[in-house]
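Subject: Structure handed over, with notes

Dear colleague,

Please find the structure below, followed by my notes on what was found in it. I have kept to a few parts of it, and I would be glad if you read them with the structure open beside you.

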Amino acid sequence: MVTKSTGCLLEWIPARVATTGKGLAVGGAALSANLATAAWEHGLQDPVTASARQAQDLHTWMMWLISFIFFGVFSVLAYSLYAHRKSRGHQAAQFHDNTKVEILWTVVPFVILVVVAVPSTRALVNMRDTSQPDLTVKATGYQWKWGYEYLTGDAAGIRFQSVLATTQEQIKGQAPKGENYLLDVDRPLVVPVNRKVRVLTTSADVIHAWSVPAFAVKTDAVPGFVRETWFRAEKEGTYRGQCSELCGKDHGFMPVVVQVVSEQQYAEWTAEQKVLMAANVEDPNKVWALAEQVAHGEKIYLAHCVACHQVNGSGLPPAIPALDGSKLVTGPKLDHIGIVLNGKTGTAMAAFGAQLNNTDLAAVVAYERNAWSNQTGDVIQPAEVLALRGK
Amino acid sequence: MYASDTAIHPGHEGHEAHAGHPPKGILRWVTTTNHKDIGTMYLWFSFAMFLVGGAMSLVLRAELMQPGIQFVTPEFYNQMLTLHALIMVFGAIMPAFVGFANWMLPMMVGASDMAFGRMNNWSFWLLPPAAILLTSSLLMPGGAAGTGWTLYPPLSVQMGIGMDMAIFAIHILGMSSIMGAINIITTILNMRTPGMTLMKMPMFCWTWLVTAFLLIASMPILAGAVTMLLTDRHFGTSFFSAAGGGDPVLFQHIFWFFGHPEVYIIALPAFGVVSHVIPAFSRKPLFGYTSMVYAIAAIGLISFLVWAHHMYVTGIPLTGQLYFMYATLLIAVPTGVKVFNWVTTMWRGSITFETPMLFALGFLFLFTIGGLTGLVLAITAVDIQLQDTYYVVAHFHYVMVAGALFSAYAGLYYWLPKWTGYMYSERLGQWHFWLSLVFFNVAFFPQHFLGLAGMPRRIPDYAQQFTEFNLVSSIGAFGFGISQLMVLVVVFNTLRRKEKAPAKPWEGAEGLEWTVPSPAPYHTFEEPPPFDNSRAHG
């Protein structure tokens, strides 16, 4: 999901030229293999909800209508281009008005559009009806991943983040692309089949959009606001979509994956998640040792921080500061914890206090303070993070 | 009968280099208040910007040729797609039609020049600094804005100084457009030759009259939106930030209140050109002049009432979605009337297929396709599936490129003899047309399929099922891009072969511009020409 560059024009050219040849070679081989099993996908994805079927039907009707208009108009035009050409000796008529015909081709299209508007209205009213859901989940857009939280039923309280699972090697062409290239996540949203699922969307930073074409669902995720949509999946399976509102550099790398399972499997999954969450409940009073904490912190860093600050901590200055050798990171602990907890307004630095618990936040801060050329030797106890929350 | 341009007027003796001769050298172009000179500058500027914006699109299509990231980083890709659109809309297509307006409107209405010559000069000369500001934002730390041309906050609030440069460039471009619009309205309303009532005015004048009002009403709105963005970025306001009591979606409402009339600002002059070319090469008057005028006015008016069809999935209330769907469907009616009228103009005419007519036919065919996909997008329940996918990208390239650009080419070939005094090579023109037509469709038709299949827009890399059509589209894009270099070949070949053009090279052409010699003298219609009432429309 990340490649290294400042984004500044003057610096990307040499790097790109160097990798182009390699990329072309590997890409070319992959492409010829792809063409052999080419998909040529050209239509709406198979609908698995009633809404998606309605959308597909409406689209089919519209295709018939516009094809009719197209062939109607252009067969007349084509005939005219043939029969009324000067080279065939056709003499130009000089008529230039006909009020009756004008009225006809104003009124008839108007009537056609009224006819089109009726089923369109019905479909939309249906799509906006989020009443009486069986389950409500919240999808929060982050730069650049989704966070899910179950709000009702047995699953209430289950929350996790859903991060792109495709590796950098695949993206850069250094490894063959998997079957669900760019459409795979580590932890999908799991919902039961044949149940009305209400999805609330919001964002922690910029506008994203949560979309699953097979459900005909697409709703913006607007920071500071909660939008809602719904779906009732009629078939078990795994359904994939992508973020659908430009949200920054990795907009193309934060897919939406929904796994629709039987009631039984959903109940099992819910119980399993709750057990895992209980096991992971942190003890904010635990006292960590440096080596153990740094190891844990590295995992957190790789999951949450590399997209911007890079594996080697060099960042993407000036928009994204380097952490390696940073005055803030090697300076007073409170300032460092504060900025990770609360973010920095007006920049892409999010408030990770909302995403990470005290243990994980303390660990990642400790990792940064003891990685690369930073060797502060500092340990950060979760209790220190907890004490700073809300300040 | 046309007025001699060497007539002597009292009070003119003090002016620089008159009696038909402009000053020499670069100073001529810097200080000119002559509508022909200014029109020429607009046209060269727009073509240069077209090549720059086109090169950027080829960066995008090169990256999209295969899945994976090969050439550019995702953040640079976003900068390219943002600048590509801003340059094409504000630097290429809008100035191109303003160039046509400058060259042709005074001659079409029988006026000696535009109403405000010095302001006209300023309108043009604001453009190069704005273009430099916009393109050089790429060199700034953090690069250019990477938000898409729509500049939505909060993402645009995160951007670096490149965003501020884009905002200032937009302000300057807007000022240029507003001043140009004032000039056009005043010229058309006040300087028509006696006998030329509004309902006898050429269609290109009508389209520009309505377009100018759209510009005056909508450009200040854009200025407001980007200024609010600027203050949110730097001066502590929260217009678009929920944390401060604002709303990111407010920006979208303000932007699209400008943005939708903007696309008709681009389309209406294109309609005007086509309304001249089709009758000329059918040797038949434009069918339904009155309803064509009403259609233009209706389109102009309704264009202000449909903006939120760009916002169907933002969470606006159901009532809003329904209203905007109905209003958007409604705008198809006058647009359809225009298409039917153009076809009927040709019906039982005596048609020939010189290059201007080919491009006008290309416009008719392809703009209609774009309009029909617009109808599909208007249906909210379907738009849910297509919003922010390549279906939208295909739609607007059909109407803007195959529509507006092809119309501009039609106008270029149609009026080039008048401007230069020489005929272009018909063979080269045909090559330009056919290459453009074929490669355009190869580039953009597959994008409908990509959108239907679910490929989002504004992504530098894509899932495997989108591979094949992306490859086809990229090949088409490169072919189309290279074909546009033919414009330079045609223009320079025209000036080289020096095949003299008569005052009216096109048998069926109508209008006052064809009553002056080719090339048109530096000053035309210094006395208002007599206007023959019976031959009403241009």
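Two strands are taken to pair if DSSP finds at least two bridges between them. Please bear in mind throughout that this is a predicted model.

With that definition in hand, β6(A) and β7(A) are joined by five bridges and run antiparallel, and within this pairing the bridge partner of Ala209(A) is Asp220(A) in β7(A). The two strands form a hairpin with four residues between them, and in the turn Ala216(A) has a positive phi of about 55°. Strand β6 of chain A, which comprises residues 208–212, is mostly covered, since five of its five residues are buried. The cover extends to both faces of β6(A), with His208(A), Trp210(A) and Val212(A) buried on one side and Ala209(A) and Ser211(A) buried on the other.

Chain A also has an open sheet of five strands, in the order β3-β2-β1-β5-β8, with mixed pairing. Because β3 (159–162) and β8 (227–232) of chain A stand at the edges and each has a single partner strand, one side of each is left without a neighbour in the sheet. On average, and with direction ignored, neighbouring strands of this sheet are turned by 25° against each other.

Turning to the helices, α2(A) has 34 residues, which at 1.5 Å a residue should span 50 Å, and its end C-alpha atoms are 49 Å apart, which agrees. Several residues of α2(A) are buried, among them Ser51(A), Leu58(A), Met62(A) and Leu77(A). The buried residues of this helix pack against α3 and β8 of chain A, together with α11 (318–346), α12 (355–378) and α13 (380–386) of chain B.

That brings me to the contact between the chains, which takes 98 residues from chain A and 92 residues from chain B.

With best wishes

Note on methods
Residues are numbered from 1 along each chain as its sequence is written. Chains are lettered from A and ligands numbered from 1 in the order in which they are written. This is a predicted model: local features need pLDDT of at least 70, side-chain atom pairs count only at pLDDT 80 or more; totals for chains, interfaces and linings use all residues. Two residues are in contact if their C-beta atoms, placed from the backbone, lie within 7 Å. A residue is buried if 20 or more other C-beta atoms lie within 10 Å of its own, exposed if 12 or fewer, and partly exposed in between; C-beta atoms are placed from the backbone. Axes are lines fitted to C-alpha atoms, for helices over the stretch in contact, and angles run from 0 to 180 degrees between N-to-C directions. The expected span of a helix is 1.5 Å times one less than its number of residues.
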